Amino acid sequence: MVASTGSVTAGYKMKFVDEAKIYIKAGDGGKGMVSFRREKFVPRGGPDGGNGGKGGDVIVRASLNHHTLLDLSYNQHHIAERGGGGGGNNRTGKNGKGIEILVPVGTVITDIDTCETLCDLSEAEQSCVIAKGGIGGKGNAHFATSTHRTPRFAQEGMPGEERWVKLEVKLIADVGLVGFPNAGKSTFISRVSAARPKIADYPFTTLSPVLGVVSHKDNDFVIADIPGLIEGAHEGLGLGTRFLKHIERTYLLVHLIDISGHDSDKKSPWKDYQAINKELASFSPALLEKPQLAALNKIDLPEAKARLKKAVDMFKRKGIKIFPVSAATGEGIPPLLDEIIRLLSVRKAEKSND
């Protein structure tokens, strides 16, 4: 029997929003001060205007307590505090207070104008400054020299950086589960983990990615149920490229193929496998470099049993390791999990030798 642990998303009802555009503005630097000493018995006091304070930075931090960009999609403007002005007696202005924006782990921040990737927060508590506060202006005391003893000017503070940025969440999982709508992916992930995605008999049951934590033979790994793909998904058809990006971070892909309804030469398990790989390659050729496994699902159905041998033989001739399974009953799933764990162990060994 396949054991399971708590899912990352089990019981999570909030709307999943994986993209947002926000405006960020770091604080401007404070103004430098023009001031002269006014002391008893010092009729010609020198300049003592202090420097302005630094403007606050805008920082993003990855948090395990955040799973969506929903809040940021409603709150688009984030402006840090400007630095305080310099004071007399060489007092430096107060530094502006920075702001911290919390985002889910796996968030990529891109400058919309330049398309530059500012940071990729792939680990919990990782952070980066995406807009630096302006430097405070120099007070007139800074400009005093032996030949220019009474400067009557000071600097304005430097403006803080500002930009529109795009935030994208790309799920971090060991295994990506791919296939056409109604292939049984939601049933499969609910079988092997504690995740409980909505399951129904119509296309696109899964409207957002679901993460599940699988525990099998003292090994744990994270599996992502990617919403069903259709031909043309890389061009935006169906759920389109909205969720294809979530496959990019996975190490291993598992194709779940419905074997119960293939009656003609125009549609077969092998052609389904090829069609999904075509969509993956059109989105990013690098996806085909990932290790892949194929699972023929719904073998508990009578019509599937009649087609099983022919389908298995086809995959074997193509050199693809195939696993007949039933997500509904659990039949055949343990050997598939064994192979997933073996491949993940190979990856772990390779990384430790790097």
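Q: What makes two aromatic rings a pair in this predicted model?
A: Rings of Phe, Tyr and Trp, the last through its six-membered ring, pair if their centres lie within 6.5 Å. In this predicted model, a search of the whole structure finds five aromatic pairs. Ring pairs link Trp 270, Tyr 273 and Phe 315 into a cluster.

Q: Why is the pair of Tyr 23 and Trp 164 called tilted?
A: The ring centres of Tyr 23 and Trp 164 are 5.7 Å apart, and the limit for pairing is 6.5 Å. Their planes stand at 50 degrees; stacked requires under 30 and edge-to-face over 60. The pair is therefore tilted.

Q: What makes this pair a tie between parts apart in sequence?
A: Tyr 23 belongs to strand β1 (residues 19–25) and Trp 164 to strand β8 (residues 162–169), so the pair ties together parts 141 residues apart in sequence.

Q: How do you know whether Tyr 23 is buried or exposed?
A: The relative accessible area of Tyr 23 is 15%, and buried means under 20%. Tyr 23 is therefore buried.

Q: Why does Trp 164 count as partly exposed?
A: Trp 164 has a relative accessibility of 34%.

Q: Why is the pair of Tyr 273 and Phe 315 called edge-to-face?
A: The planes of Tyr 273 and Phe 315 are at 80 degrees, with ring centres 5.5 Å apart. Edge-to-face applies over 60 degrees, so the pair takes that name. Tyr 273 lies in helix α4 (residues 269–283) and Phe 315 in helix α5 (residues 302–317), 42 residues apart. Both Tyr 273 and Phe 315 are buried.

Q: How do you know that strand β9 pairs with β11 and with β12?
A: Two strands pair if there are at least two bridges between them. Three bridges join β9 to β11 (residues 219–225), and the two run parallel. Four bridges join β9 to β12 (residues 252–258), also parallel. Leu 177 has Asp 225 as its bridge partner in β11, while Gly 176 has Leu 253 in β12.

Q: Why is Lys 290 said to have no salt bridge?
A: A salt bridge needs a side-chain nitrogen of Lys or Arg within 4 Å of a carboxyl oxygen of Asp or Glu. For the buried Lys 290, the nearest side chain of opposite charge, Glu 248, is 8.2 Å away.

Q: What makes the backbone of Glu 248 a polar contact for Lys 290?
A: The backbone oxygen of Glu 248 lies 3.0 Å from a polar atom of the Lys 290 side chain, and the limit is 3.5 Å.

How values were computed:
Residues are numbered from 1 along each chain as its sequence is written. This is a predicted model: local features need pLDDT of at least 70, side-chain atom pairs count only at pLDDT 80 or more; totals for chains, interfaces and linings use all residues. Side-chain values use heavy atoms; hydrogens and water are left out. Buried means under 20% relative accessible area, exposed over 50%, partly exposed in between (1.4 Å probe, protein chains only). Lys and Arg count as positive and Asp and Glu as negative; His and the chain ends are not counted. A polar contact is a pair of N or O atoms within 3.5 Å; within protein, one must be able to donate a hydrogen and the other to accept it, and residues adjacent in sequence count only if both atoms are side-chain atoms.
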